[in-house]
Amino acid sequence: MPFPDEPQVAAVLAYRPAWPEDFARLAAELRAALGPHARAVDHIGSTSVPGLPAKDCVDIQIRVAAPLDEELHTALLGAAGYRRRPEPWNRTEVSGGLECRKLVFAPPVGARRCNVHVREAGGPNARFALLFRDYLRADGAARRAWGEFKSRLADGVPELAAYGQVKAPATEVLMIAAERWAAATGWDPGNTRDSKIEHVSE
């Protein structure tokens with residue numbers, strides 16, 4: 001859910017070439033905040049897919065060592081001004097039939113809009129986010145259809161929470177096709193393009 005300073009309306013815009021640059025700046029800030037605890041910082045979500053319409057909010061995934069240390073990551077990102085989203089659904093999610101831990105952070109007040117998702121490296125929910133991105137990057141027909149769906153949905157259901165509730169089951173349908181693509185191509189989440197891996201000792 002948005003904080004009071006964040007938009008309450010789902011406005012889907014045409015793709016903006018500046019989004020990868022915005023991610024790069026945010027990723028550098030997040031790596032500085034987390035240091036060696038950030039195993040990887042990934043640009044995910046619709047702003048990471050060239051040509052795909054999206055809300056003007058950069059989604060970022062930080063992959064950390066398991067088990068996820070809620071107190072540590074909240075303290076480190078909090079020191080940089082990031083605000084942990086408190087809702088229960090921003091602390092766990094089901095992916096691949098498994099319940100996975102996560103944390104989601106909003107940016108500092110007045111900063112560039114983003115959602116920062118902290119997930120365990122190798123977890124099915126981290127894989128889900130990377131597969132969503134890479135499938136839509138690779139399949140032009142799926143990318144166009146998904147963009148058209150999101151644009152129509154935002155026009156008809158502009159309230160942000162309702163928009164998300166309608167989009168969630170549609171995303172699951174999209175991911176059935178993404179899994180078929182992954183099996184056919186031998187896609188490997190360990191070889192995703194533009195993930196910034198930080199190798200650290202256990």
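1. In this predicted model, the axes of helix H1 (residues 18-34) and helix H2 (residues 70-79) come within 9 Å and cross at roughly 125°. That angle makes H1 oblique to H2. Axes are lines fitted to C-alpha atoms, for helices over the stretch in contact, and angles run from 0 to 180 degrees between N-to-C directions. Angles under 35 degrees count as roughly parallel, over 145 as roughly antiparallel, 65 to 115 as roughly perpendicular and the rest as oblique. Helices (H or I, at least four residues) and strands (E, at least two) are DSSP runs, numbered from the N terminus.

2. As to basis, local features need pLDDT of at least 70 and side-chain atom pairs count only at pLDDT 80 or more, while totals for chains, interfaces and linings use all residues. Residues are numbered from 1 along each chain as its sequence is written, and side-chain values use heavy atoms, with hydrogens and water left out.

3. The crossing of H1 and H2 is right-handed; a crossing is left-handed if the near helix is turned anticlockwise from the far one by less than a right angle, and right-handed if clockwise. From H1, Leu30, Ala33 and Leu34 meet His73, Leu76 and Leu77 of H2, where contact means heavy atoms within 4.5 Å. By class, this contact of H1 with H2 has five nonpolar, one polar and no charged residues. Ala, Val, Leu, Ile, Met, Phe, Trp, Tyr, Cys and Pro count as nonpolar, Asp, Glu, Lys and Arg as charged, and the others, Gly among them, as polar.

4. A cis peptide bond joins Ala66 and Pro67, with omega about -5°. Pro67 is placed in the loop between strand S4 (58-64) and H2.

5. Val58 lies in strand S4 and, at 0% relative accessibility, counts as buried; buried means under 20% relative accessible area, exposed over 50%, partly exposed in between (1.4 Å probe, protein chains only). Not counting residues up to four places away in sequence, Val58 touches Asp22, Phe23, Leu26, His43, Thr47, Arg112, Arg113, Cys114 and Asn115. Val58 and Ser46 are 12 residues apart in sequence and 8.2 Å apart in space, C-alpha to C-alpha.

6. Helix H3 (residues 124-138) has 15 residues, which at 1.5 Å a residue should span 21 Å; the end C-alpha atoms are 21 Å apart, in agreement. The expected span is 1.5 Å times one less than the number of residues. Because 11 of the 15 residues of H3 are buried, the helix is largely enclosed by the rest of the structure. Among the buried residues are Asn125, Leu130, Asp134 and Arg137. Arg133, also in H3, is buried with a relative accessible area of 0%.

7. H3 and H4 pack at an angle of about 110°, with their axes 5 Å apart, which makes H3 roughly perpendicular to H4. Phe132, Tyr135, Leu136, Arg137 and Ala138 in H3 meet Gly140, Ala142, Arg143 and Trp146 in H4. The contact of H3 with H4 has, by class, six nonpolar, one polar and two charged residues.

8. Helix H4 (residues 140-156) also packs with helix H5 (residues 160-185), at an angle of about 165° and with the axes 11 Å apart. H4 and H5 are therefore roughly antiparallel to each other, and their crossing is right-handed. In H4, Trp146, Phe149, Lys150, Leu153 and Ala154 meet Tyr163, Val166, Lys167, Ala170, Thr171 and Leu174 in H5. This contact has eight nonpolar, one polar and two charged residues by class.
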